[in-house]
Amino acid sequence: MVFPASLCLWIAASAISKLQCRAQVGDEPPAVTVEFEIHRDIDSKEIKIDGDIMIGGLFPIHEDGSPEGRHCGAVKPDKGIQRLEAMLYAVDKINMDDQLLPTIKLGVHIMDTCHQDTHALERTLELIRSTFAMEYTQKYRCRTYDSPFDVAIPKPVAAVIGAASSQVSAMVSNVLRLFKTPQISYSSTSVELSDKSRFGYFSRVVPPDTFQAQAMADVVKQLGWNFVAVLADEGSYGEPAYEAFRLIASRQGICISIYEKVRRYYRDEDFLKLIMALHKERSVGVVTFCHEDNIRKLMKAVVELKLTGRFAWLGSDNWGTKRAAVAQHPSASFGAITIQPKSGVNEDFNLYFTSLRPESNHRNVWFDEFWEKQFNCSLSSLACKAHSLQEHHVQEAYVSSVIDAVYLFAHSLHRLLLDNCYGVPFKQCNVSKHIDGEALLKYIRTVKFNGTNNEEISLDSKGDRKARYNIYQFHDLHKYYVPVGEWIGRDFLKGLYQFPCATPGNCCWTCLPCNTETSIMPNKTSCIPCKIGYLPDEYKSECVRMIPQYIKWNTWWAIVPATFSTFGILASLFVLYIFVQFNNTPLIKASGRELCYVMLAGIIACYCMTFPLLNPPSKVSCGILRIGIGVSACTIYAAIFTKTLRLARIFNAEAHQLRDLRFLSPIAQLIICSFIISIQALTAFVWIVVEKPEVVVLYPTRLIAIVSCKGAAVMFPISMIFNILLIILCTVYAFKTRKIPENFNETKYIGFTMYATCIVWLAFIPIYFGAFVDCVEWPMFAFQIQTTSLCICVSLCGTVALCCFFAPKMYIVIFQPEKNVVRMKKEHIRTMQAMRDHIWNLQ
């Protein structure tokens, strides 16, 4: 066999540290001497445990450090350390087994690939250098210039367990094939690895991506998606997987809106661009053929771009049930569907792994680093050593596959020895001197045994295992991945929930938007609007009745008007008390005290209307509001109108008519005022009889339900028609009597009251009726603004009268009592003005 000179020299050079040698072929004289420097990387960690037969192991103990300019990055607790310990565990179990490879001790030589193909190649060359040295020890020998130098040749590895990723396995397999060293992978699933013309010595205990692509296409079909985006890693895993998926998808009527490669050199900013490219497409479903590190970076980009919930993810086995892929950004991957080759949990391994301690596990050279990373501490502290791996331990998905791969080698070697040693002890058998890799490979492809799940482990002629996948859905950081289905061939053993709608048909290249605020999606492509009064539930599967809203007493919408009205009631009661106390004083008598008491009753009633307005609507409160709002305001304006009408009649009459004026007495004034109020009250009672008060639910917008009184939209305008007429008449008469002499300047205060009242109502009307128009962006506040503004306006009617009409009188009565006296005696009636004063004071 002829090898490239550079490869042979590299392997031979790695066997000895920095020696000057000359290569001499056989026993021929050194006619041609080749000098080279032998060296090895003394800083590279490895696990090497001697045995009668050595097994190589390739595991991604560390992440790829190339983005940071290094070979290796941070340690990988699950994908690296757990799988490595699974191999050591399996070897220990086999060495203690009296039936499997009895009297033979297996040894291991384990290397770290750092999830990087070039670094893995270097580690693989280190593994097989002993094979090269043994084969060529007869042909080449190294010696110093003066004396012979013997090199201690280590035992060659009979097979290699690994690697993890397909890209690394493809690179490693090319080298192992040269030395006829069988390779058994526990998680490499690339389609191209089934090509035995290129990877003749490669086998695996997981199914290839041809089955995975079929399984993922079936999941897409089952979910009702027909328009998806695809992301795939650059290299021997992602690209062949995408091609297989594309062919199967086209046959099943699944359209691919966009396909993007995730390049090896991608940095964070590249992932941001990638997610933005997906966002521009209309597809929601995203199928990924990416390893966990890239999945983690994709989720990070989704969160940074605030696109959480924008995509529905379907991940391949490289995502599977890996927690590291979603732990940092769980919200971005919520609801993701992933698939993984069917595997069980080895409880015996859990007991073994959780019992490991840094002070006793010396054979694993990476264990201390893993411990510090796992518990975020330093082993220099006692607190760090006090931790236990039983804390939140979950077995990594491919642990059982690693154990199956080791046992596959052991069973194959066992059959090989049985067929070739014929009962002779191993150390006396010729096979012990050299295990033929080609012969061992035949047994690997044909042996059958029960694996960790008591399922038969057997490979086909291409070294692939039969396909069977578990289907998972990511929920949260407590449940993580929940099994939702299983795939065997083309059958689903469990159903899956449905996801967003897409237009039926082949490659429609568009999606119809479904308003999930008001519609449900009960099946694959349906988008059914809910009836008025109903909205979708949390899962968008059925319509549920809306909960009507009303103003709650613990909100500012109620606290502010209620507080305002409470102070108004207290102020009105105070004025009433002062009037009663000074009832017979000239100022109070001259004010028309009977009508003032009527006004105060109306003012207090206006303030009281706030509370039924804010209270949750009922038949009683609705009836009170129909009568109360109109009658309370009418009481104020009827009293004011009666006052102004009386003054106008007195001061507009001729001298000879003053003696003949009628209905000027207090009783007459009360009768007139009561008659006016009764018109408003009678109208309200008739309305209640014709249409009884009811509570209804209104829908000002599609998303809002409001509990309200029936006819509330017209109740207030109708009840205020008569009051508006009174306000106009009062304002007109207040204006006409504005020039009455100073002794009767009460008309001035009446005028102020009516002017302010007109301003209040003119400002209120656009606020009340324009609330829903002005609150388009925040419709949930419209009815609150409308109700609160009505409370404030009704209360202001009383406040205006209280401040403009009664406040000046209170000031004189309390602070200027000297003005509260009669200025003219009754017998001195000599002028028209004096007569009017006399008539006024008689009241």
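Mentor: The charged end of K809 is over the ring of F805, 4.8 Å from its centre. Keep in mind that this is a predicted model, where local features need pLDDT of at least 70, side-chain atom pairs count only at pLDDT 80 or more, and totals for chains, interfaces and linings use all residues. Residues are numbered from 1 along each chain as its sequence is written, and side-chain values use heavy atoms, with hydrogens and water left out.

Trainee: What makes Y242 and Y259 a stacked pair?

Mentor: Rings of Phe, Tyr and Trp (its six-membered ring) pair if their centres lie within 6.5 Å; planes under 30 degrees apart count as stacked, over 60 as edge-to-face and the rest as tilted. Y242 and Y259 are 3.6 Å centre to centre with 0° between the planes, so they pair and count as stacked.

Trainee: Why is Y242 called buried, and Y259 partly exposed?

Mentor: Buried means under 20% relative accessible area, exposed over 50%, partly exposed in between (1.4 Å probe, protein chains only). Y242 has 8%, so it is buried; Y259 has 24%, so it is partly exposed.

Trainee: Why is the pair F367 and F370 tilted?

Mentor: Their centres are 5.4 Å apart and their planes are at 50°, so the pair is neither stacked nor edge-to-face. F367 is buried at 0%, and F370 is buried at 1%.

Conventions. A charge sits over a ring if NZ of Lys or CZ of Arg is within 6 Å of the ring centre and within 35 degrees of the ring normal.
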